[in-house]
Amino acid sequence: MADRNVPRRRPYEEGRWESQVVSTADSTTRKPHSHHYRPYQPPPPRHRAPAEPARRAEPARRAEPARKPERARRAPREVPPSKVGRRSALLALGTLIAGTAATRTQKGGRVVDWVLGRSQATGGGAGTGAGVVPDRPSGQQPSTVRTYPEQNESYMGSKAGDALKKNAPAGGRRFSSPAIAANATKVTVDTVLSNDPARHLASRLTFGPTPKVIEEINQLGIDEWIEVQLAPERIAETPAEKKLAELTTLGMTIPQLRAARADHEAKGIRADEEAVQATIARQIWSDRQLFEVMVDFWNDFLHVPAFYEGSQVQRASFDRDVIRRYALDNYPDMLVAANQHPALLTYLGQNASTKDRVNENLARENLEQFSVGVDGGYTENDVRQAALLQTGHGVKGDQYAYRSGDHHVGPVKIMGFSHPNGSAAGGERATEEYLRFLASHPATARAIAASLATRFVSDTPPKSLVDRLAKSYTVNRGRIKPVLMELLSSSEFWASVGQKVRRPLEYVIATYRALGVSHRTPAGYQPGPDSGGRTPFADGLRQLQQKLEELGQYPMGAPTPGGYPDVFVAWTSAGSIVNCWNEAGDAIVGRRSMFTYVKPEQLAGAAPATAGPYLEALAKRLVFQSISIRERVLILGIAGLTPDTPVDPTLNGAIVPIARAILASPQHHLR
């Protein structure tokens with residue numbers, strides 16, 4: 001993990017971001033729009049390509065030599081159980097679950113086929129022609145380049161994206177309740193997941209099903225369980241959440257953190273890191289699962305990175321007082337609160353923006369990322385006017401401060417919003433009115449609707465659903481719960497079984513939940529030499545943070561204002577997938593010994609006497625459904641077993657690799 005004590009240059013420091021514009025208030029110079037001109041981007045995370053493709057046409061590239069056509073793969077041949085050896089089973093299983101091709105290549109469709117569990121995995125639209133067809137918009141001729149409204153759609157402009165689109169439900173309707181919608185909707189898309197409404201609901205509205213969650217949904221019913229999740233304040237804290245008191249900075253205010261900074265630095269304690277670690281713990285062990293999913297959603301939509309210059313004191317408060325405060329409340333209040341919080345203002349360099357020296361970063365990102373989007377209809381003049389209106393909003397002593405003497409006075413007009421802005425004293429109120437206008441704009445409604453539909457339904461959500469969610473957002477003045485109910489009462493949601501793939505963070509968290517890993521420290525635990533005096537629980541969370549950083553996704557971790565992409569084709573690094581599988585293997589054997597684990601031989605409960613039924617019971621415990629006969633044969637072949645082989649509770653010593661293989665299956669990767 002990077003040393004957080006090393007000073008960081010602000011991401012918007014002059015000369016580093018082309019979107020930064022510093023000029024005098026009466027300047028008439030206009031910079032190109034940010035989505036047409038941003039030649040420099042900070043280095044991307046190691047898991048994927050840069051967060052956004054180039055937004056202006058690139059010169060035509062020199063044609064590459066033609067490639068030989070790829071040979072079509074034959075359909076896998078069914079092999080009788082008695083003839084499956086250990087070596088051949090390993091090879092076959094590797095073919096079944098190895099996502100080794102990035103989806104921006106011509107092999108990308110095969111990864112799509114694998115992860116969606118398609119039975120005829122022959123390329124899925126990836127193309128095998130001799131001619132080279134560029135896979136991303138920036139590689140096309142300038143005349144055919146598209147401008148994408150946001151990064152999720154930009155990733156879908158690839159061969160693998162086309163393959164995913166073919167498997168998405170086309171449209172649907174709204175029902176009077178989620179339960180009625182679930183009962184009336186048929187799943188017609190191609191997927192390996194079973195059509196189990198309880199499993200589908202748990203997969204989308206939590207960070208991974210557990211036996212407890214499935215039982216609660218079946219006992220309460222779909223509608224009542226959702227109603228409970230939409231009222232997180234009524235859900236009791238779990239023992240793990242109470243144990244978060246061991247992260248001593250969580251409840252501290254900004255003034256308290258400033259006062260204790262020297263002491264914290266001496267002890268190696270950072271409030272921003274503890275906020276990340278607390279989020280990981282809540283994602284694994286909290287019963288307020290829908291709330292935590294929405295916290296994660298907003299941390300991507302209204303994004304401030306976990307670590308920036310100033311985050312040690314400011315960022316934990318942003319998580320607590322902005323994101324968590326309004327995650328299930330309403331977006332207009334959230335946007336206003338964010339623009340009056342030192343974390344966002346510091347990250348985007350707003351503190352330096354005055355009437356005589358205007359910084360456009362915050363104004364631009366409010367339009368481009370946090371509301372209407374790059375295709376929302378604003379112009380460079382709108383950005384300029386918004387930047388003038390927000391002058392004087394800054395930070396003093398790590399807290400928000402409005403300095404009226406630095407505020408530009410004079411009429412402003414931004415898209416459809418106009419204000420006389422007649423006094424410096426009234427500038428703060430004028431800015432709040434503008435932000436509420438922005439949060440209520442139809443383009444903002446559509447941007448949030450599309451993001452919610454992408455998170456909960458499909459990488460290519462149907463237009464019919466996005467339209468209905470946007471209308472609900474507008475009618476309900478930005479309140480979140482009615483929009484979620486609109487989504488959960490849609491046939492599109494219930495028809496989308498198997499259409500979302502877990503990102504690295506979601507895979508690791510779901511694995512810990514499926515395995516029943518407990519926060520409790522086992523008796524006799526001895527801390528390691530690098531624990532740094534932390535409690536075992538806190539040290540375990542620190543290690544999980546480090547692992548997620550290594551995988552390229554951790555809470556609040558995206559380095560740029562767009563947050564993390566939420567589509568499968570952005571996360572297909574072979575190294576990342578294999579690293580996820582290795583983490584699952586470590587969790588099965590209890591490698592992080594500060595936590596308590598269910599022994600592998602106890603996962604399936606009362607173990608059946610033969611390998612086939614045992615594997616079936618283990619699959620139902622880990623992925624909450626059956627697996628196909630072919631998958632059973634391949635997985636058992638790892639240990640040289642057949643379905644009829646007599647076994648003991650350890651599966652004759654093979655329980656760990658077999659459990660790991662189940663957790664590497666499409667059934668566990670899909671949510």
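**A colleague's note on the predicted model**

1. The protein chain has 30 helices and 6 strands, where helices (H or I, at least four residues) and strands (E, at least two) are DSSP runs numbered from the N terminus. This is a predicted model, in which local features need pLDDT of at least 70 and side-chain atom pairs count only at pLDDT 80 or more, while totals for chains, interfaces and linings use all residues. Residues are numbered from 1 along each chain as its sequence is written, and side-chain values use heavy atoms, with hydrogens and water left out.

2. Now the overall picture. Of the 671 residues in the protein chain, 59% count as buried; buried means under 20% relative accessible area, exposed over 50%, and partly exposed in between (1.4 Å probe, protein chains only). Among contacts (heavy atoms within 4.5 Å) between residues at least 6 apart in sequence, 75% join residues at least 24 apart.

3. On to the nonpolar cores, each a set of buried Ala, Val, Leu, Ile, Met, Phe, Trp, Tyr and Cys residues joined through side-chain atoms within 4.5 Å. The largest has 162 residues, and M294, W298, Y331, F456 and I658 touch the most other members. Apart from it lies another core of 5 residues, including L193, V497, V501 and F568. Leaving out residues up to four places away in sequence, W298 touches H303, I323, A327, Y331, M334, I448 and I480.

4. N299 sits in helix α13 (residues 289-301). It counts as buried because its relative accessibility is 4%. Its side chain makes a polar contact of 3.1 Å with the side chain of R315; such a contact is a pair of N or O atoms within 3.5 Å, where within protein one must be able to donate a hydrogen and the other to accept it, and residues adjacent in sequence count only if both atoms are side-chain atoms. Beyond its neighbours within four places in sequence, N299 is in contact with R315, D319, I323 and M556.

5. R315 also takes part in a helix pair: A271, D272, A275, T279 and R282 in α12 meet S311, Q312, R315, A316, D319 and R324 in α14. Helix α12 (residues 271-285) and helix α14 (residues 311-326) pack at an angle of about 40°, with their axes 6 Å apart. Here axes are lines fitted to C-alpha atoms, for helices over the stretch in contact, and angles run from 0 to 180 degrees between N-to-C directions.

6. Helix α14 is largely enclosed by the rest of the structure, because 13 of its 16 residues are buried. For helix α24 (residues 504-514), 11 of the 11 residues are buried, so that helix is largely enclosed too. G516 follows α24 and has a positive phi, near 70°.

7. H407 is worth a look in the loop between β4 (399-402) and β5 (412-414). At 1% relative accessibility, H407 counts as buried. Its side chain reaches the backbone oxygen of T391 at 2.8 Å, and the two residues are 16 apart in sequence and 4.7 Å apart in space, C-alpha to C-alpha.

8. Finally, two backbone points to check. Most residues other than glycine have a negative phi. D398, which is not a glycine, has a positive phi of about 65° and lies in the loop between β3 (393-396) and β4. R477, also a residue other than glycine, has a positive phi near 55° and lies in the loop between α21 (463-475) and α22 (480-488). D398 counts as buried at 13% relative accessibility, whereas R477 is exposed, with a relative accessible area of 71%.
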